[in-house]
Amino acid sequence: MFQALSDRDTIALKYYCSPDVTFYEYGQIWNIDTLIKKAIAMNQSAGFERTNTFEFINTESSKTTAWVTYRLNSIITKDAKKTDIQWLETVALAKQRKHWKVKHLHSTMIKRG
């Protein structure tokens, strides 16, 4: 899913998410269309680049549900300006037709610089 965000690939992003996915970002509740608007449509500048690294904290799973907590560090270059953003996130995944899909993602920004 994060590679789809980096590639600005809406088709792949939708593939990795459940149809009723919810994102809890910046004190707001977003659906897939909101994420596409804010993370892809608004990032169409030439030279846009996003690199993500993860530090996994906890992973739990059952046959059809999984929960993962991690630290995400994204380095985003837009209009020749580089920004380093760090988040603490928890994602709930649902297994649908043998594939894990993001069902809910809660994100807390830790640092932006």
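What share of the contacts in the protein chain between residues at least 6 apart in sequence join residues at least 24 apart? The share is 47%, where a contact means heavy atoms within 4.5 Å. The model on screen is predicted, and for that reason local features need pLDDT of at least 70 and side-chain atom pairs count only at pLDDT 80 or more, while totals for chains, interfaces and linings use all residues. Residues are numbered from 1 along each chain as its sequence is written, and side-chain values use heavy atoms, with hydrogens and water left out.

**Whole chain**

Begin with the protein chain in cartoon view, where 3 helices and 6 strands can be picked out; these are DSSP runs numbered from the N terminus, with helices (H or I) of at least four residues and strands (E) of at least two. Read from the N terminus on, the elements follow the order α-α-β-β-α-β-β-β-β. The radius of gyration is 14 Å, close to the 13 Å that the globule rule gives for 113 residues, so the chain is as compact as a globular protein of that length; the radius is taken over C-alpha atoms, and the rule is 2.2 Å times the number of residues to the power 0.38. Along its principal axes, the C-alpha trace spans about 45 × 30 × 25 Å.

Of the 113 residues, 39% count as buried, where buried means under 20% relative accessible area, exposed over 50%, and partly exposed in between (1.4 Å probe, protein chains only).

**The core**

Now select Met1, Leu13, Cys17, Phe23, Val102 and Leu105, which touch the most other members of the 27-residue largest nonpolar core. Such a core is a set of buried Ala, Val, Leu, Ile, Met, Phe, Trp, Tyr and Cys residues joined through side-chain atoms within 4.5 Å. Among the elements that each supply at least two residues of this core are helix H1 (2-7), helix H3 (32-41), strand S1 (17-25) and strand S6 (99-112). Centre the view on Cys17, which, not counting residues up to four places away in sequence, touches Met1, Phe23, Ile32, Lys101 and Val102.

Leaving aside its neighbours within four places in sequence, Val21 is in contact with Trp30, Asn31, Ile32, Val102 and Lys103. For a distance check, pick the C-alpha atoms of Val21 and Thr59, which are 38 residues apart along the chain and separated by 19 Å.

Go then to helix H1 and select Ser6, which is buried with a relative accessible area of 11%.

**The loop between S5 and S6**

Finish in the loop between S5 and S6, where Arg97 lies and where Lys98 also has its place. Most residues other than glycine have a negative phi. Arg97, although not a glycine, has a positive phi of about 55°, and the phi of Lys98 is near 70°. Arg97 is exposed, with a relative accessible area of 81%, and Lys98 is exposed, with 76%.
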